[in-house]
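Biologist: Before I plan anything around this protein, could you take me through its model, beginning with the overall fold and then turning to the aromatic rings?

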Amino acid sequence: MKKTPRALAKVLSGEDDSEVEIDIEEDVVKNYDYSQINKLLEENTVENFREGERLELGNVLLTGVTGFLGIHILYEFIRNEEGKIYCMLRKGDYDSCEERLIDLMNYYFDEDLTGLIGSRIILSEGDVTEIDDFKKLEAEPIDTIINSAAIVKHYTADDYIFKVNVDGVINGLKFAQTRNNIRYIQTSTISVLSSYSLNEEKYPNP
């Protein structure tokens, strides 16, 4: 497994022609039955979006609140919605989850939202990679899950990217299935490559 940018660059440039280990069996990918997924995606059209009925978010469980996207979802929810927002987060290097969230809100926003913690903003210490941390919220009146938790690094020394970006989604979906009326929204930011230093004729600026 290539764990550093230098090693990855050697593979991409052709300097390293050693075989890269892939855990997923090739047959599993080639022969996977996408029919059910395709059926769902058929409804995912601009027309249906425009003609569809707007649903209320209600009370929201938000993951990834400590990220750039997540903290802004929290802010917009508080400003534009009336429900409660349950935030699953880790305390990290802080003494508490509350201290970490307050520090982030003070960094991004001029408006003081700290007085809403405990009333409209409910904090739950947890990690999306642990299904038991979702289960701690089973008794709460949650109507919608918004998952913005993601590892945006291109490499790590372990499998934490997979645990967060794949297992974290699976855990959220499993939690949503505990009550049929919970909606699940998956969202993320994108990165944009504005230029490419090698072979720019092949990869022109967008």
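Biologist: How many helices and strands are there in the protein?

Modeller: This is a predicted model, in which local features need pLDDT of at least 70 and side-chain atom pairs count only at pLDDT 80 or more, while totals for chains, interfaces and linings use all residues. Residues are numbered from 1 along each chain as its sequence is written, and side-chain values use heavy atoms, with hydrogens and water left out. Helices (H or I, at least four residues) and strands (E, at least two) are DSSP runs, numbered from the N terminus. Along the sequence the pattern reads α-α-α-α-β-α-β-α-β-α-β-α-β, and the count is eight helices and five strands.

Biologist: What percentage of the residues count as buried?

Modeller: Buried means under 20% relative accessible area, exposed over 50%, and partly exposed in between, with a 1.4 Å probe and protein chains only. Of the 206 residues of the protein, the share that counts as buried is 27%.

Biologist: How many aromatic pairs are there, and why is the pair of Tyr75 and Phe109 stacked or edge-to-face?

Modeller: Rings of Phe, Tyr and Trp (its six-membered ring) pair if their centres lie within 6.5 Å, and planes under 30 degrees apart count as stacked, over 60 as edge-to-face and the rest as tilted. By this rule the count comes to five aromatic pairs. Because the rings of Tyr75 and Phe109 have their centres 4.2 Å apart and their planes at 15°, this pair is stacked.

Biologist: Which parts does the pair of Tyr75 and Phe109 tie together?

Modeller: Both Tyr75 and Phe109 are buried. Tyr75 lies in helix H5 (residues 68-80), whereas Phe109 lies in the loop between helix H6 (97-108) and strand S3 (121-125), so the pair ties together parts that are 34 residues apart in sequence.

Biologist: How do Tyr107 and Tyr108 pair, and what is the angle between the planes?

Modeller: Tyr107 is exposed, with a relative accessible area of 67%, while Tyr108 is partly exposed, at 30%. Their centres are 5.0 Å apart and the pair is edge-to-face, with an angle between the planes of 90°.

Biologist: Which residues form one aromatic cluster?

Modeller: The cluster includes the rings of the stacked pair, Tyr75 and Phe109, and those of the edge-to-face pair, Tyr107 and Tyr108.

Biologist: Where does Tyr32 lie?

Modeller: Tyr32 is partly exposed, with a relative accessible area of 46%. In the chain, Tyr32 lies in the loop between helix H2 (26-30) and helix H3 (35-41).
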